[in-house]
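Hi everyone, thanks for making the time. I'd like to walk you through a structure this morning, one region after another, so please have the viewer open.

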Amino acid sequence: MAEDKKLGFDDTPLIPGTRWHVHDGQRPQPPVVAPGDESTQNSPGAAPADAIILFDGKDASGWVKSSDGASPLAWKVADGYMEITPKGGDIATKAHFGDCQLHLEWASPTVPSGDDQGRGNSGAYLMGLYEVQILDCYENVTYADGTTGGMYGQCPPLANACRRPGLWQTYDIIWAAPRFIGDGRVVPARVTVLHNGVLLHHDRELMGPTKYRQVASYRPHAETGPLVLQDHGDPVRFRNIWYRPIVGYDRT
Ligand code: MG
């Protein structure tokens, strides 16, 4: 990145409870932590016996274009992964779910191009609404709440645990959906995220669905939703995506 390039924004609203603006370029950077084990690079680990497989590296029939919720996806599916293609658009699972343990693996493009938010950008939207940022932040700086594994626009990750572009990376996410219990009362969503085995968020409360340059807030929405993967114009790859519903999680 050019030395004089400005990071993020300072003309956005303050995030309540913090001294930082949404996407604040001055917000402290998460410390870089090199993840350890690379033993699963060549073959992904097996899913637990009761996991619901969303993508096994070959069969993408459980996915549709997010824009209409019906058309077959236009991403490349080959060689054990799927890859965002030009104008492929966001994709969504046919399955809709709420509270869950979610596992997915992704790899940033090689050769890397662009910088800041323009480098290997994608995202995993829980319930189609709450983005866990996917970005190539290996030797690439961006605003803190847009860093890899950040809850975009709200919570920077506790660490930057990116592997080099091209290597497979894991997300393990524990998701507690918000509850809308009438009279405007909301039990907020909570999220725990591990990136390559490194903790990024621990039971973090969210302010609402992901917004760009705005403070997030809740409006009632469905109890379940699809997993959506973002097409941000970069050929990010995905493999080994599964979830386990969390049943009987009483949060009211
Ligand atoms: Mg993104």
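Let's begin with a lining: by class, the largest pocket is lined by four nonpolar, eight polar and four charged residues. Before I go on, please keep in mind that this is a predicted model.

That largest pocket holds about 180 Å³ of space. Its lining counts 16 residues, and those that lie nearest the centre are Thr40, His103, Glu105, Thr170 and Asp172.

You can find it by selecting Gly98, Asp99, Ala177, Pro178, Arg179, Phe180, Glu223 and Thr224, which line it. Sorted by class, that lining has three nonpolar, two polar and three charged residues.

Now to the metal. Which residues coordinate the magnesium ion? Asn121 gives OD1, Ser122 its O atom, Glu131 an OE atom, and Gln133 and Gln230 each give OE1, at 2.2 to 2.3 Å. Along the sequence, the donor residues follow the spacing N-S-x8-E-x1-Q-x96-Q.

Leaving aside residues up to four places away in sequence, Thr147 touches Gln133, along with Pro30, Cys137, Thr142 and Pro157. Thr147 sits in the loop between β8 (130-134) and β9 (169-176). Thr147 counts as buried because its relative accessibility is 2%, and the cut-off for buried is under 20%.

Next, the sheet. Strands of a sheet pair through backbone hydrogen bonds, either parallel or antiparallel. Here, five strands form an open sheet with antiparallel pairing, and the order is β2-β5-β14-β7-β8. At the edges are β2 (63-65) and β8, each of which pairs on one side only. Zooming in, β7 pairs with β14, residues 228-229, in the antiparallel sense over two bridges. If you click on Tyr125, you will see Val228 of β14 standing opposite.

Finally, some backbone geometry. Most residues other than glycine have a negative phi, and most peptide bonds are trans. With that in mind, where is the cis peptide bond I'd like you to see? Go from Thr110 to Val111: that bond is cis, with omega near -5 degrees. Val111 has its place in the loop between β6 and β7.

Then come two residues with positive phi. His23 is not a glycine, yet its phi is near 60 degrees. His23 is found in the segment before β1 (52-55), and with a relative accessible area of 0%, His23 is buried. The other is Arg213, where phi is near 65 degrees. Arg213 has its place in the loop between β13 (198-205) and β14. How does Arg213 stand for accessibility, and what class does that give? Its relative accessibility is 27%, so Arg213 counts as partly exposed.

That's my tour, and I'm happy to go back to any of these regions with you.

How values were computed
Residues are numbered from 1 along each chain as its sequence is written. This is a predicted model: local features need pLDDT of at least 70, side-chain atom pairs count only at pLDDT 80 or more; totals for chains, interfaces and linings use all residues. Side-chain values use heavy atoms; hydrogens and water are left out. Helices (H or I, at least four residues) and strands (E, at least two) are DSSP runs, numbered from the N terminus. Buried means under 20% relative accessible area, exposed over 50%, partly exposed in between (1.4 Å probe, protein chains only). Contact means heavy atoms within 4.5 Å. Donors are N, O and S atoms within 2.8 Å of the metal (3.2 Å for Na, K and Ca); water is not among the atoms, so sites may look incomplete. On a 1 Å grid over the protein atoms alone, a cavity is a set of points where a 1.4 Å probe fits but cannot get out, and a pocket is an open set with protein on both sides within 12 Å along at least five of seven lines; lining residues have an atom within 4 Å of a point. Grid points are joined across faces, edges and corners, and a volume is the space filled by probe spheres set on the points. Ala, Val, Leu, Ile, Met, Phe, Trp, Tyr, Cys and Pro count as nonpolar, Asp, Glu, Lys and Arg as charged, and the others, Gly among them, as polar. Two strands pair if DSSP finds at least two bridges between them.
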